[in-house]
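Here are my notes, written to be read with the model open beside you.

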Amino acid sequence: MSQTDPIGNDGPPRQLAAPPLITVRKLSLAIHGAPILNEIDLAIQPGAVTALVGESGSGKSMTALALMGLLPGGSTTTGQALFDGSDLLTLSERAWLGLRGDDIAMIFQEPMTALNPVHTIGAQVAEPLRLCGIRRAEAARIARDRLDRVGLSHVPLDRYPHELSGGQRQRVCIAMAIARRPRLLIADEPTTALDVTTQAEILSLLRSLVDDEGMALLLITHDLGVVAGMADHVAVMERGCIVESDRTEALFRGHRHPYTAALLAASRPPPHTPRPPDGTAILEARDLRRTYGAVTAVDGVSFTLHRGESLGLVGESGCGKSTLTRALLGLEPLQGGSVTFDGTPGGQSMTRRQRARISVVFQDPYGSFNPRWTVRRIVQEPFHLTGKPRDADAQAARALTEVGLTTADLEKYPHEFSGGQRQRIAIARALITKPQVLVLDEAVSALDVRVRAQVLALLSELQDRLGLSYLFISHDLTVVRAICDRVLVMQGGRIVEQGAIDKVFEAPAAAYTRRLIDAAPRIPAEWLAARNTPAATG
Amino acid sequence: MLIGAVLTALFAGAALLSLVWVPHDVARLDIAARLLPPSPAHPLGTDHFGRDMLSMLMEGARTSIAVALVAVGIGLGLGVPLGLWAAAARGTWLDDVIMRGNDLIFAFPSLVIAILITAVFGPSAVNAILAIGIFNIPVFARVARGAALPIWTLDYVMAARVAGKGKARISTEHVLPNITNLLIVQATIQFSLGILAEAALSYVGLGAQPPTASWGRMLADAQTMIYTEPQLAVLPGLTIVGMVLGLNLLGDGLRDHLDPRLRRRAP
């Protein structure tokens, strides 16, 4: 599909005339006999961004590792990956040492663990230079230059990673990767762990590196919005195969494969139609204040959650939303203000019976369950609050069927389930005591887009059927818009804006809200509109 | 791991067997049959009192294993709850008190204090057990606390708190089952150290008293005859080495087997 390009005339000016830097031909990979990649064809152009998109387990990271010669033990490959006329797949480890860092470099998803905490950032950026024999002083000078290039000119070389924010650390990782001016930079989900405004900054930095230095960038991501804003060329991966690849705009406008269509649909859940609140408050917070020593994490927060309503709480990491959640659940003391839950004092002064009526679903589908417990025991744990009813097993079975699992799953252990299924178990556990309020703490953030869409649909359906009120905490505006009636925007421990979801999105009053909305990567509407009128795509 | 398990099983089997049967009664001295070379009646020969060496080693295995087992039991029984408690109270003064108390015990050279205890309260197997056991407590407390801390940050612990469970209950239901792997490994290592400590105490005459057989005292008894009758020292020495080696191999093997991060490289 990449060769014949009937709709390339109106594309961006970046023309792909130069021969590809890397040509991957029929790359197949098996690890311990299990097939991972299946006849991948990919061309990476110099001075351009090539994106690999797919869900977890689609093989996109393995493709990158194959190009870095970092495949795990037990891997067998067939096919070719030509770079400068030599096949990367057949290089010896010794030959790789000359290539990695010099010609091909990589940055990873998690900037918190990608840097060594006991070395200064200067030493870490200089390390790849020292390895190729550059003298210490010269290496330090280049390190300074590279750090300036990634926008850290105000940060001295002798800083340690823990003194920097997540975004700054990712910049250090980029500086390290580009220290020896590689011709190919592989970025594996480089912004997934970052806040949306930081993500926008890192992406524009990467884009400018590609444009200024003529570097090729292989961007691995699950986020089609990021792809739309960044990539020149996109390859969509599903279960080890590239199902579709094309120039970015062409792919969005004229995608043919059903998987691409499904991904696109799931990544843009339709905005929720807000329902009028029924007016009775179920959870009310008045002027909440939580301090840790001199730090004020929650600073005068007030809001009301109505019966049957979905209230979104949006903010970036460190804004105090997790602290607020724990305080509302009665897990942390408050230094000021009051919580009212269904007409009685809430927070830490809740009785066990009241606590049973407010439940929570957490983000991490892997850390949410004791790995040694069966689902039966996991789902029944909240009965600790109410005393175990006589028909506990029947109720657990009913809770599981309610979230779309089966009674047979009761005897299984958490590791037997996928991420999406685990999140269903977490919802079943939250529902077992028949709560009125469900706190969803980044409950869909760790899920693939298609699974996310399913869980969101389940949540709306449960809300309609059981009359639940949701406090939906998220950093992802798209998701909030898809499920919430009203939204609170939190920054630095304060609520900076609140209101009906449409109003906040269409006419944000606070500058911070506007910044959040602008920074969120999105697919240009006209790329997708073209899809609906076939004449425009031809 | 397999070698370790076989060695450990061999010694444990010998100790168990000695409960019901030994080739010869070690409390009975038979000066006429002293210093015999190996023979069908005495497969490993006899010592200077005419006691059967094989029987002595079997009885000694029983003493060593019993002392080390109870000492590890003391360490597990007191150290693990302390460690879990400290982890549950992390960041508070209670955590500090428990862990600094541990540091206090760590600061003393263990064998010297064990000698002191047995010297003050009289040499006996029970006192040796207590002395070794006390120094196992901080080891287990540290391991338990260190392993428990990351578990306290996981969402399932948070979910249990939302379900109204207290710290004690979370510690036993959620934390303890998930750190048992580490504790088992640590226990095998402490067990081998306990055997060494018991041998050392018996060697200086502060462990189990005659007529109870003990590897350490067999070594001490044989010391004067090391040039004339080297087998008397070599046999208990080899036995101690074999037992400790077996336990260490078993501990390493268990760690490789139980730690998912190392599993791929496990033999």
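1. Residues 283-517 of chain A are 36% helix and 27% strand, with end C-alpha atoms 27 Å apart. Helices (H or I, at least four residues) and strands (E, at least two) are DSSP runs, numbered from the N terminus. Please keep in mind that this is a predicted model, in which local features need pLDDT of at least 70, side-chain atom pairs count only at pLDDT 80 or more, and totals for chains, interfaces and linings use all residues. Residues are numbered from 1 along each chain as its sequence is written, while chains are lettered from A and ligands numbered from 1 in the order in which they are written.

2. That stretch carries a label: an unreviewed UniProt entry places "domain: ABC transporter" at residues 22-264 and 283-517 of chain A. UniProt positions follow the numbering used here, feature names are shortened, and annotations may be inferred rather than shown by experiment. For residues 22-264 of chain A, the figures are 38% helix and 27% strand, and the end C-alpha atoms lie 28 Å apart.

3. An automatic or database domain assignment divides chain A into domain 1 (1-103 + 183-191 + 206-268), domain 2 (110-181), domain 3 (281-357 + 436-522) and domain 4 (368-434). The centres of domains 3 and 4 of chain A, taken over C-alpha atoms, are 24 Å apart.

4. Which residues make up the contact between these two? Domain 3 of chain A brings 12 residues and domain 4 of chain A brings 10, where contact means C-beta atoms, placed from the backbone, within 7 Å. On the domain 3 side, α11 (352-355) and α16 (449-466) of chain A each give two or more residues; α16(A) gives the most, with four.

5. Finally, chain B: an unreviewed UniProt entry places "transmembrane region" at residues 65-89, 101-122, 175-197 and 233-254. Among them, residues 65-89 of chain B are 96% helix, with end C-alpha atoms 35 Å apart, and residues 233-254 of chain B are 100% helix, with ends 32 Å apart.
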